[in-house]
Amino acid sequence: MRDFDDHISVALLEAAPDAILCVTARGRIALANSQTEQLFGYRREDLVGQPVDILVPEGARAMHARHRAGYMANPQRRPMGPGMQLSGRRRDGSTFPAEISLSVIDTDEGVLIAAAVRDMTERLEAQAERERLSSQAGRDRSESQVQQAQRLENLGQLAGGVAHDFNNLLAVILNYVSFVSEELAAATESDW
């Protein structure tokens, strides 16, 4: 039964969509799945026994070591660096934005820290694209509202011009009506 459990454990580790690393209390990599190889560009054999800091960008290594020591004082399941922008470092030196979750595993050999690492590049790019499209939609709405206001202003000016011209024509007609009315009244009075 133990062999079956071990087989299932290995199968689950390999089936995980994220890079999974098990790290000793001293910060050495004890285990890595195939996703770790793909994400970081190292072969598993090259990672096992190495300090986990080789997967951390150089500028963050000293801080990572302090955080790791603090975590080991009270290890528990939680996201790594809540509120911080985390990055991973590939074998070729390139970096990527990462989301990392930590868990504690008690073993006969001591505590292991399981780290699930996810590349956030696509999610951040999609988020940036959504923000860009939302901003563009806002600009398009504003531009549409300005154009609508300009059309209404032009329509108002046109209506004002038509009303002015119509009033001028009515004034002429009213003047003629008044003149004709006065002439008719004068003609009617002289006929009496």
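These are my notebook entries on a predicted model of one protein chain.

**Ground rules**

I number residues from 1 along each chain as its sequence is written, and for side-chain values I use heavy atoms, leaving out hydrogens and water. Because the model is predicted, local features need pLDDT of at least 70 and side-chain atom pairs count only at pLDDT 80 or more, while totals for chains, interfaces and linings use all residues.

**Entry 1: overall layout**

I looked up the secondary structure. The protein chain has five helices and six strands. I took these as DSSP runs, numbered from the N terminus: helices are H or I with at least four residues, strands are E with at least two. Along the sequence I read the pattern α-β-β-α-α-α-β-β-β-β-α.

Next I checked the dimensions. The C-alpha trace spans about 135 × 40 × 30 Å along its principal axes. The radius of gyration is 40 Å, whereas a compact globule of 192 residues would have one near 16 Å. That radius is taken over C-alpha atoms, and the globule rule is 2.2 Å times the number of residues to the power 0.38.

I then looked at surface and burial. The chain exposes about 13700 Å², and carbon and sulfur atoms supply 56% of that area. Accessible areas come from the Shrake-Rupley method with a 1.4 Å probe; for residues, only the protein chains shown count as cover. Buried residues make up 21% of the 192. Buried means under 20% relative accessible area, exposed over 50%, and partly exposed in between (1.4 Å probe, protein chains only).

I also looked up contacts, meaning heavy atoms within 4.5 Å. Of the contacts with a separation of 6 or more, 39% join residues 24 or more positions apart.

**Entry 2: the core**

Which residues have the most contacts inside the largest nonpolar core? I found L21, F40, L47, L55, I100 and V117, in a core of 21 residues. Such a core is a set of buried Ala, Val, Leu, Ile, Met, Phe, Trp, Tyr and Cys residues joined through side-chain atoms within 4.5 Å. The elements giving two or more residues to this core are strand 1 (19-24), strand 2 (29-32), helix 2 (34-40), strand 5 (95-107) and strand 6 (110-119). Strand 5 gives the largest share, four residues.

I followed L47 further. Leaving out residues up to four places away in sequence, L47 touches I29, A32, T36, Y42, I54 and L55.

**Entry 3: salt bridges**

I counted twelve salt bridges. The rule is a side-chain nitrogen of Lys or Arg within 4 Å of a carboxyl oxygen of Asp or Glu.

D18 and R118 pair at 2.8 Å, N to O. This pair links distant parts of the chain, 100 residues apart: D18 sits in the loop between helix 1 (2-15) and strand 1, R118 in strand 6. D18 counts as buried because its relative accessibility is 14%. R118, at 31%, counts as partly exposed.

D46 and R91 also pair, with their closest N and O atoms 3.3 Å apart. D46 is in helix 3 (residues 44-47) and R91 in the loop between strand 4 (86-89) and strand 5, so the bridge ties together parts 45 residues apart in sequence. D46 is partly exposed at 29%. R91 is partly exposed at 46%.

D119 and R90 meet at 3.3 Å, N to O. D119 is in strand 6 and R90 is in the loop between strand 4 and strand 5, so this bridge ties together parts 29 residues apart in sequence. D119 is partly exposed at 29%, and R90 is partly exposed at 22%. I also noted one network in which salt bridges that share partners join D18, E99, R118 and R123.

**Entry 4: a surface patch**

I found a nonpolar patch on the surface made of V172, Y176, F179, V180 and L184, with about 520 Å² of accessible area together. Patches are made of residues with over 30% relative accessible area and no salt bridge; like charges are joined within 9 Å, nonpolar side chains (Val, Leu, Ile, Met, Phe, Trp, Tyr) within 5 Å. F179 lies in helix 5 (residues 121-191). Its relative accessible area is 47%, so F179 is partly exposed.

**Entry 5: two single residues**

Is H64 buried or exposed? H64 is buried, at 13% relative accessible area. H64 lies in helix 4 (residues 61-73). Beyond residues up to four places away in sequence, H64 touches V52, D53, V56 and M80.

P82 is in the loop between strand 3 (78-79) and strand 4. P82 is exposed, at 60%.
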